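Please keep the sequence and the 3D view open while reading.

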Amino acid sequence: IASGSQPTREEISERVHQFRQLPGMEISEGEADRLCREIESSLDITMDIGSVIQEEFAEWLDAEKANIDPYYWERYRQYLGNKGFPSRVISRLDEVTDRTLGLLERPSKTGPWDRRGMVVGHVQSGKTANYTGLICKAADAGYKLIVVIAGIHNNLRNQTQARIDEGFVGRDSGALLNDNKKKVVGAGLFGAKEFPLTVTNTTRDFNKQTATTLGVELRALKVPAVLVIKKNASTLKHLNDWLMAHNARGESNLVDAPMLLIDDEADNASIDISSDPEQSSTINRRIRKLLKMF
């Protein structure tokens with residue numbers, strides 16, 4: 001590596017591979033991957049912003065930005081800085097999430113609309129930090145309901161909930177829902193003017209009874225609501241049933257509130273794998289139903 005230059009991801013990986021060949025330096029692939037990430041972090045390596053493939057779309061964010069109070073994003077930005085994220089990394093995250101938000105639809109747009117996209121990134125490349133930043137900015141822009149469909153296992157859903165609590169909610173959802181204690185965590189330490197409403201917590205997935213007890217009327221909320229749910233057919237059914245019973249209105253039975261849905265690891269369990277062309281697989285069908293309800 002040239003003197004004074006910053007090594008690339010590939011150069012670090014190659015150097016780690018060379019050391020693994022030395023006697024006594026044998027480590028597993030997982031350990032080598034973690035070592036590469038630690039070296040990248042210590043050297044403050046930045047990532048490219050990436051490329052976008054899109055259909056023709058009238059972007060709106062630049063014109064609206066002056067009217068958006070970046071409350072949730074600013075809390076999250078300060079939280080990342082306090083955790084030791086380099087300023088250049090935070091600046092790039094700011095740029096990337098602005099770009100993604102600008103490709104979503106303007107949440108105040110009247111009438112029905114539907115905007116979908118896919119984000120692709122490397123394994124362990126910071127996708128949760130990325131979409132947490134996007135959630136903060138979407139809430140600032142006016143999205144009322146944020147649904148994160150996490151992994152197919154409880155531990156992954158619980159971990160994702162904890163990350164969303166720290167980066168967006170600002171309170172420990174487990175303490176809040178289980179013990180009615182308002183334990184401030186993460187981003188909440190950098191702003192306590194308001195907190196999003198969370199209907200799930202770090203130990204419990206979506207529950208219709210709990211949601212009904214909270215009396216969540218999305219159109220009347222002064223703050224955004226967030227749910228982190230397991231990618232499970234029963235959970236999706238319960239959520240759809242609750243939304244239909246308590247939030248769908250009018251002859252169309254639609255929910256009149258802008259929703260941001262993030263399907264984490266969308267290539268796992270979300271794809272329609274049914275061999276019957278007349279009937280999609282259950283999880284795929286229920287995600288479609290959730291989307292069509294808004």
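Contact means heavy atoms within 4.5 Å. By that rule I262 touches Y131, I135, V147, V148 and I149, not counting residues up to four places away in sequence. This is a predicted model: local features need pLDDT of at least 70, side-chain atom pairs count only at pLDDT 80 or more, and totals for chains, interfaces and linings use all residues. Residues are numbered from 1 along each chain as its sequence is written, and side-chain values use heavy atoms, with hydrogens and water left out.

**Terms for elements and packing**

- Helices (H or I, at least four residues) and strands (E, at least two) are DSSP runs, numbered from the N terminus.
- Two packed helices are described by the angle between their axes and the distance between the axes.
- Axes are lines fitted to C-alpha atoms, for helices over the stretch in contact, and angles run from 0 to 180 degrees between N-to-C directions.
- Angles under 35 degrees count as roughly parallel, over 145 as roughly antiparallel, 65 to 115 as roughly perpendicular and the rest as oblique.
- A crossing is left-handed if the near helix is turned anticlockwise from the far one by less than a right angle, and right-handed if clockwise.
- In the class counts, Ala, Val, Leu, Ile, Met, Phe, Trp, Tyr, Cys and Pro are nonpolar; Asp, Glu, Lys and Arg are charged; the others, Gly among them, are polar.

**Helix pairs**

- α1 (residues 9–20) and α2 (residues 29–42) have axes that come within 10 Å and cross at roughly 135°. The pair is therefore oblique, and the crossing is right-handed.
- On α1 the contact uses R9, I12, S13, V16 and R20; on α2 it uses E29, A32, L35, C36, I39 and E40. By class that contact has six nonpolar, one polar and four charged residues.
- α4 and α6 pack with axes 6 Å apart, at an angle of about 150°. That makes α4 roughly antiparallel to α6.
- Y71, Y72, W73 and Y76 of α4 meet A129, T132, G133, C136, K137, A139 and D140 of α6. The classes are seven nonpolar, two polar and two charged.
- α5 (residues 87–103) and α6 (residues 127–141) come within 9 Å, axis to axis, and cross at roughly 55°. These two helices are therefore oblique to each other, and α5 passes α6 in a right-handed crossing.
- L93, D94, V96, T97, D98, T100 and L101 supply the α5 side, and A129, N130, G133, L134, K137, A138 and A141 the α6 side. This contact has seven nonpolar, four polar and three charged residues.

**Helix spans and buried faces**

- Buried means under 20% relative accessible area, exposed over 50%, and partly exposed in between (1.4 Å probe, protein chains only).
- The expected span of a helix is 1.5 Å times one less than its number of residues.
- α4 (residues 71–83) has 13 residues and reaches 19 Å from first C-alpha to last, close to the expected 18 Å.
- Y71, Y72, W73, R75, Y76, Y79 and L80 are the buried residues of α4. Their cover includes α5, α6 and α7 (154–169).
- α10 (residues 233–246) has 14 residues and reaches 20 Å, close to the 20 Å expected.
- In α10 the buried residues are A233, T235, L236, L239, N240, W242 and L243. They pack against β1 (145–149), α9 (208–214), β3 (225–229) and α11 (282–292).

**Positive phi**

- E265 is not a glycine, yet its phi is positive at about 55°. E265 lies in the loop between β4 (259–263) and α11 and is partly exposed at 40% relative accessibility.
- A269 is also other than glycine, with a positive phi near 80°. A269 sits in the loop between β4 and α11 and is partly exposed at 31%.

**Two buried sites**

- I262 is in strand β4 and is buried, with a relative accessible area of 11%. Its C-alpha is 9.5 Å from that of M118, 144 residues apart along the chain.
- G151 is in the loop between β1 and α7 and is buried at 14%. Beyond neighbours within four places in sequence, G151 contacts L156, K230 and K231.
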